[in-house]
Amino acid sequence: MHTLKQAKTLLLSTAIPLTFGLVPFTHAEPLTAENYTKAKNLGEANTRSLHPTTSRVIKVSKHRSNVMTHNEKWMDVYRYHYPTDTTERIIYDVVNDKVIDSKQYKNIQFSATRDEIAYAKQLLTNNPAFMDKLSAEYYDRYHHSLPIQAPLSGLNIKAIVLTSDNPHSIPLVANTKNCGLNRCIYFFFTSLDAPYEYVALETKAIVNLSKHTITPFRHKSEVSDHTDHH
């Protein structure tokens, strides 16, 4: 019994220093909303303009080894450069406002940002070829028109960034065949009204943000021969 008590005391005494030794790492200071905002604004080229002419931060996340940096806050900032179709990964020390490392990659895509989707929707709304197809199908199917002002507001909108493996079987034409290498958003639409909210309209579109082009198409018919540039 005495030996067992001694063993418990020994285990407890060795465990305490180990526990305290881990505190600086397991309780690393969490990232704040201010930290994320600062990282998103990294670089003068990342403006709030809807038109992504040069580059834009498309993803910000905590750096994987953040807990080992002794409470320095490192973040992974991914910035997309549209003219070169490269994704830049920046390791950023948000506390000391300095770049730790930066590398460029090709053919790496992340989800579309709200700014990118807003810009692409603006292009779609101002594109007669696309809007004529969408409005005609919507009226034929539901017997009422889309809103005159902000017509896309009358629809559920799904926006997917395309990758090179083309899992959605999109039509391959001049401005879609390099989607994945180019930054492209595939849009499809459903009604806001039950029970049709899960039934996609046949009229769809691909917005190539790298080339600033729109390709409207229907899955059950051939893709348009022309692609509208903006």
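**Exercise 1. The surroundings of Gln109**

In this predicted model, find which side chain makes a polar contact with the side chain of Gln109, then describe where Gln109 sits.

*Solution.* 
Step 1. Start from the side chain of Gln109 and look for a polar partner: the side chain of Tyr80 makes a polar contact with it at 3.4 Å.
Step 2. Now look for a backbone atom as well. The backbone oxygen of Asn182 is 3.4 Å from a polar atom of the Gln109 side chain.
Step 3. Gln109 belongs to the loop that runs between strand 4 (98–106) and helix 3 (114–125).
Step 4. Decide on burial. The cut-off for buried is under 20% relative accessible area. Gln109 has 14% relative accessibility, so it counts as buried.
Step 5. Gln109 is in contact with Tyr80, Val161, Leu162, Gly180, Leu181, Asn182 and Arg183.

**Exercise 2. A histidine in a loop**

Work out whether His63 is buried or exposed, and list what it touches.

*Solution.* 
Step 1. Locate the residue: His63 is in the loop between strand 1 (55–62) and strand 2 (74–81).
Step 2. Check the accessibility. His63 counts as buried because its relative accessibility is 6%.
Step 3. Leave out residues up to four places away in sequence and collect the contacts. His63 touches Trp74, Met75, Asp76, Arg89 and Ile91.
Step 4. From C-alpha to C-alpha, His63 and Tyr92 are 8.5 Å apart, with a separation of 29 residues in sequence.

**Exercise 3. Salt bridges**

How many salt bridges does a search of the whole structure find? Examine the ones that involve Asp115, Glu88 and Glu137.

*Solution.* 
Step 1. Take the total: the search of the whole structure gives five salt bridges.
Step 2. Go to Asp115. Its salt bridge is with Arg56, and the closest N and O atoms are 3.4 Å apart. Asp115 is in helix 3 and Arg56 in strand 1, so this pair ties together parts that are 59 residues apart in sequence.
Step 3. Asp115 counts as buried at 15% relative accessibility, and Arg56 counts as buried at 3%.
Step 4. Turn to Glu88, whose side chain meets that of Arg79 in a salt bridge, at 3.1 Å from N to O. Both Glu88 and Arg79 are buried.
Step 5. Finish with Glu137 and Arg141, whose side chains meet in a salt bridge at 3.2 Å, N to O. These two residues lie in helix 4 (residues 128–142), four residues apart, about one turn of the helix. Here the ends fall into separate classes: Glu137 is buried, with a relative accessible area of 8%, whereas Arg141 is partly exposed at 30%.

**Exercise 4. A hairpin and positive phi angles**

Describe how strand 3 and strand 4 are joined, and then look at the positive phi values of Asp97, Asn107 and His212.

*Solution.* 
Step 1. Read the pairing. Strand 3 (residues 86–93) and strand 4 run antiparallel, joined by eight bridges. Asp93 stands opposite Lys98 of strand 4.
Step 2. Look at the turn. The hairpin has four residues between its strands, and Asp97 takes a positive phi near 55°.
Step 3. Move on to Asn107, a non-glycine with a positive phi of about 60°. Asn107 lies in the loop between strand 4 and helix 3 and is partly exposed, with a relative accessible area of 42%.
Step 4. Compare His212, also a non-glycine with a positive phi of about 60°. His212 is in the loop between strand 7 (203–208) and strand 8 (213–218), and its relative accessible area of 15% makes it buried.

**Exercise 5. Where to be careful**

Find the average pLDDT of the chain, then name stretches where the value is below 50.

*Solution.* 
Step 1. The chain averages a pLDDT of 80, and 74% of the residues score at least 70.
Step 2. Over residues 6–27 the pLDDT is below 50, and this stretch has five contacts in the model beyond near neighbours in sequence.
Step 3. Residues 44–50 also have a pLDDT below 50, with 15 contacts beyond near neighbours in sequence.
Step 4. Draw the lesson: where pLDDT is low, predicted coordinates should not be read in detail.

Definitions and conventions. Residues are numbered from 1 along each chain as its sequence is written. Side-chain values use heavy atoms; hydrogens and water are left out. Buried means under 20% relative accessible area, exposed over 50%, partly exposed in between (1.4 Å probe, protein chains only). A polar contact is a pair of N or O atoms within 3.5 Å; within protein, one must be able to donate a hydrogen and the other to accept it, and residues adjacent in sequence count only if both atoms are side-chain atoms. Contact means heavy atoms within 4.5 Å. A salt bridge is a side-chain nitrogen of Lys or Arg within 4 Å of a carboxyl oxygen of Asp or Glu. pLDDT is the predictor's confidence in each residue, from 0 to 100. Two strands pair if DSSP finds at least two bridges between them.
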